[in-house]
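I opened the notebook to record what I looked up, entry by entry. The structure comes first, then my notes.

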Amino acid sequence: ASAGTDGPRPGAGGATPPPSPAQERLWLLDRLRPGGAEYTVPLLLPIPGGGTADVERTRRVMAALAARHAVLRTRYPAATGEPRPVVDDTAPLDVSEAKAETGADLDQAVAAEVARGFDLADGPVWRGLLLHGPDGAHALLTVHHIACDGWSSAVLEREFAALWADPAAELPPLPVDYGDHAAWQRDRLDGERLDELLRYWRDALNGGEPAELPADRPRPAVRDGAGALVSFEVPAALAEAVADAGRKAGATRYTTLLTAFAVLLARHTGRWDQLIGTPVSGRLNPATDGVVGPFLNTLVLRCDLGPDLRADRALRRVRGTVLGALAHQELPFERLVADLDPPRDPSRTPLFQVMFDLHEHGVTAPGAEAAAGSALRRGWRAAKTDLTLVLHRTPDGALTGALEYATALFDEDTARRLADRYLRLLEALASADPAATLDELDPLPPAERDRVIRSWNATGVPRDWRRPHEMFTDRVRERPDAVAVLDATVPGGTAWTYAELDARAEACAQVLRAAGVGVETVVGVLLDRTPDLLAWLLGVWRAGGAYVPLTPGLPPDRLAHMLADSGASVVVAAAHHRPLVDASFDGVIVSPRAPDAVPVPSTSASGVGAVARRVPDRVADPGTLAYVMYTSGSTGRPKGVQIEHRALANLLLSARDRFGGGGTWLALTAATFDISGLELYLPLVTGGTVVLGDERQARDGRAVAETVAAHGVTHVQATPSGWRLLLQAGFRAPDAVALVGGEALPPDLAAGLRARVGRLTNVYGPTETTIWSTAWEVPARPGRVALGEPLQNTTVYVLDDRLRPVPPGVPGELCIGGTGLARGYRGLPGQTAERFVPDPFGPPGARLYRTGDLVRADTGGLAYLGRADDQVKIRGHRIEPGEVAAVLRGHPDVRDCAVVATEFGAELHLAAYVVPAVPGRDPDPDALAAHCRSALPEHMVPLAFVPLAELPLNTSGKLDRRALPAPGTAGGDDDVPVPLSDPVREALAGLWSDLLGTPVEHAGRDFFRSGGTSLLAAKLVERVRAALGIDLPLTEVFARPRLADLADLVGDLLRADLSRLDERRLTDELGREEVDGEPRRAR
């Protein structure tokens, strides 16, 4: 408080006082959204009993208050792009009257009044509404924050009551007014003191990041300021217990409640070092205590905690942060923002997105009154940032809480759950041992914890475990003459009955046994897609072995690695594929022609019996190995995933119960992609038919559609990329059951595909959990896409990096348990232990697989957010490229796209690879950039747009990122010169040069990266208006900081405004002169 010893002097502000830094910022915020209600301060004051409650009496009291406080009769016209306060001797008063018959009418009247903004240039900056409600009369005073803060509202409430009771009441004299404070603040913030303050805050905030909560919806490109409140109460006993826990660590009530809030944010964001805003009164001198005005300052607190930090030490650390900030609170927030110069982003508030505020003795921030006033709370429609927690201490010792949240980002239920979890953390903190770590404080209320751990995972189904080939044998006995597999790879392809496939499989098994195949012997299978492929796969199982699928499209080195790594001792290879393995494989190579020598038995009853007798009657161990499937590895070498028969059988039976048994399944997927197992085996274990297609057909949507129609296919499974090909070829199967999985399902594809099939299911699952683990039935009109619920005998958890459940709605890693888990990676115990971890929620010995996929659980099930390693950070912002891709797919000229992060020079930027909707007609990059800017913040707009005829896919049908060509820049980087090629660019360059004090020599320059500030942007708008005669919205300078982009907009505005002017007048309007036939460039 020593800063207040040399306080403001009476009369220092003069007749035309300067604006304070806070007023400058509030004026600028109003210019960004003129007339917005985000920064209104409402006071709902009960009219004391007695006397007449009428408009004239209200007007007289307000006039007396305005005469006493000059800031209430000050308006703020602009001059040279800056606010110039004008204090009127008397200002017009806006006072009205309304009646509210019911409580709902009262709420509606309050909401409507609070939602109205102000004209700061012409004034007035406050107004009154006399409300006659069912519980008596109230005066609703609404003041713009440029003239009032929370402390001021308490002053106004006190003085309004005094003047209403006695118009001649003598109020205490005011030593100074707000203009004196503004002048003093500007004079003081200079020289050594300013340098000292700036040094402190630079050091304190260096490396810190704003707390950014996971939202229910994508962040809009521009903040709209709309908000709402949810309220809650901290009972007096709990409030006192929390305060007592703080006192034991030497922390105040404020520090303790803030620490709990920081832990809540950490558990929702996954980051323990975060920046949180907090308001302080800013009244450092007692002379200002009774003065109305925006003294309020905002401090940025860096809460740098950690999960292993003891609770008592965390309280002491936050206490030190708070004390340091208070000792340096003189620096206005506006000066701090200007000094740190964070990236300009109209979708966010600078430096922080979350605020904390506690009121123990009166109020200190606009909106605090709504925490205690129910009518104001229900009528509150503004949010100054993403989320603000306001706590107000009541006389009985309880705490009334309100969470103010941005409705563009959060639903009411989300805010309410946050409040519930905050209460749970307070309970945990109050009862915790001081030596307990922050990691041990659980934010989940018991009901939520039970839901995410137990209720969600009640999927257990008892099984009579039989291996898939044994279930196939059961079907052979039941329907020997039914068609089991049909070769659709060639016209008139072979069709085998169950009995024929059974016989071939047994013949293959005999050959393999003779080659030394026994229990868990690994057999490589390198065959073309014919019915013989299925026979050999079944034959491997019957011989007791496990197969590793191979494909001739793989490089020889990769094939050699797979055979060596899997420990294969036998390979079944077609003669024309043998050269691929001859040189590198020293085991037994079996020719697939050998089984032809074994006669195919009759399909009569006696023949079937003969077949059945060659199959062992006993049920073998379902825990034996079924196959080894290779997936890409982080080391560049593929990893072999070992799947047991029990896991595959569970998947097949779960799919049977969900999608139905029998039917005709189209099998298009290469055997090296694990989802092929569903297409190949589910029909055979349920009495259906496999229609074998090949990769050539899979790339020809029309051919697939013809196959489906020709063979009466009832079930089709494909990746999203594969389904796009089918839809483009006109695929329509109104009775078909469609499965889509293998990569994220875009909403537009979900809607388009659902309209063309009878039933659509989005399925999800990594190879390590056996094909699919969750399923979601896509509704007729999907608004969003989910992963759905776990399949039978499968558990799914959304966990943080310490394997603790994250709160519903919070992103976390999807971890899967249950019967479907693989044994692990072949020969890689370290990687197996890293990804397959003990299940903390299951029985002893249970395991979880850490998928590396980010999801969140909400009321609609699991929502996929992307790979954890897909997240990129550009210009300090975390970005999910999939979100950008989803926006681009919404452009009519784009059929498909992929967005990746790549380096342009020394910086990381986004590049978009777009497939045109019309082949050969590449989309306009500028149009695509504009489309992105309409929905996304600037830092999420790709720097380059690369047209491709098709996105490259790997053999699994997924995007092959390594095959994407290196992008060239599409313009927009400061280092890429863009010519000043037209008069508009030249005119803007001249204005920029004058404002920035440096030559602007090309149109690729970014206003803010070139030294521009928010106030300079406001000045630019004024100079554009003066020079060119157009009204350029200030928001557009933030949305289009590059000169070329802003010039395009200015040109459009000029053409609209000057459409009837000829070219010569347009040239004169822009101030373009020609010297010797060449335009004079602006300097």
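**Entry 1: the open sheet.** I began with the strand order. Nine strands make up an open sheet, and they run β16-β15-β24-β23-β25-β26-β27-β28-β29. The pairing in this sheet is mixed. I then looked for the edges. They are β16 (495-497) and β29 (789-790), each of which pairs on one side only. I keep in mind that this is a predicted model.

Entry 2: I picked β23 and β24. In which sense do strand β23 and strand β24 pair, parallel or antiparallel? They pair in the parallel sense, over four bridges. β23 covers residues 664-667 and β24 covers residues 689-692.

**Entry 3: helix α22.** Next I looked up the cover of α22, which spans residues 676-686. How many of its residues are buried? The count is 11 of 11, and the helix is mostly covered. The buried residues include Leu678, Leu680, Tyr681, Leu682 and Val685. After the helix comes Gly687, with a positive phi near 85 degrees.

**Entry 4: a hairpin.** I moved on to β34 (residues 847-858) and β35 (residues 861-867). These strands pair in the antiparallel sense over six bridges. A hairpin of two residues joins β34 to β35. Ala857 stands opposite Leu862 in β35.

**Entry 5: salt bridges.** I asked for the total. The count comes to 64 salt bridges.

- Arg219 and Asp386 form a salt bridge, with their closest N and O atoms 2.7 Å apart. Arg219 sits in the loop between α6 and β9 (227-234), and Asp386 in the loop between α12 (374-379) and β13 (387-393), so the pair ties together parts that are 167 residues apart in sequence. Arg219 is buried at 10% relative accessibility. Asp386 is buried as well, at 3%.
- Arg84 and Glu82 meet through their side chains in a salt bridge, 3.0 Å from N to O. Arg84 is partly exposed at 39% relative accessibility. Glu82 counts as buried at 17%, because buried means under 20%.
- Arg310 and Asp312 make a salt bridge at 2.7 Å, N to O. Arg310 is partly exposed at 27%. Asp312 is buried at 9%.

I also checked whether the Arg219 pair belongs to a network. Glu212, Arg219, Asp345, Arg348 and Asp386 are linked in a network of salt bridges.

**Entry 6: a charged patch.** I looked at the surface for like charges. Which residues gather in a patch of negative charge? They are Asp187, Asp190, Glu192 and Asp195. Glu192 lies in helix α6, residues 191-205. Its relative accessible area is 70%, so Glu192 counts as exposed, the cut-off being over 50%.

**Entry 7: the loop between α3 and β7.** I looked up two places here. Ala121 lies in the loop between α3 (103-114) and β7 (126-133). Ala121 is partly exposed, at 29% relative accessibility. The C-alpha atoms of Ala121 and Arg75 are separated by 5.6 Å, although the two residues are 46 apart along the chain. Pro124 lies in this loop between α3 and β7. A cis peptide bond joins Gly123 and Pro124, with omega about -10 degrees.

Entry 8: I finished with two leucines. Leu351 has a positive phi near 75 degrees and is a residue other than glycine. Leu351 is placed in the loop between α10 (333-340) and β12 (354-359). Is Leu351 buried or exposed? Leu351 is buried, with a relative accessible area of 11%.

Leu803 also has a positive phi, about 60 degrees, and is not a glycine. Leu803 lies in the loop between β30 (794-799) and β31 (812-818). Leu803 is buried, with a relative accessible area of 16%.

Key:
Residues numbered from 1 in each chain as written. Predicted model: local features only at pLDDT ≥ 70, side-chain atom pairs only at ≥ 80, totals over all residues. Heavy atoms only, no water. Patch = residues over 30% accessible without salt bridge, like charges linked within 9 Å, V, L, I, M, F, W, Y side chains within 5 Å. Areas by Shrake-Rupley, 256 points an atom, 1.4 Å probe, with all protein chains shown as cover. Salt bridge = Lys/Arg side-chain N within 4 Å of Asp/Glu carboxyl O. Lys, Arg positive; Asp, Glu negative; His and termini not counted. Charge placed at Lys NZ, Arg CZ, Asp CG, Glu CD. Buried < 20%, exposed > 50% of the residue type's maximum accessible area, 1.4 Å probe, protein only. Pairing = 2+ DSSP bridges.
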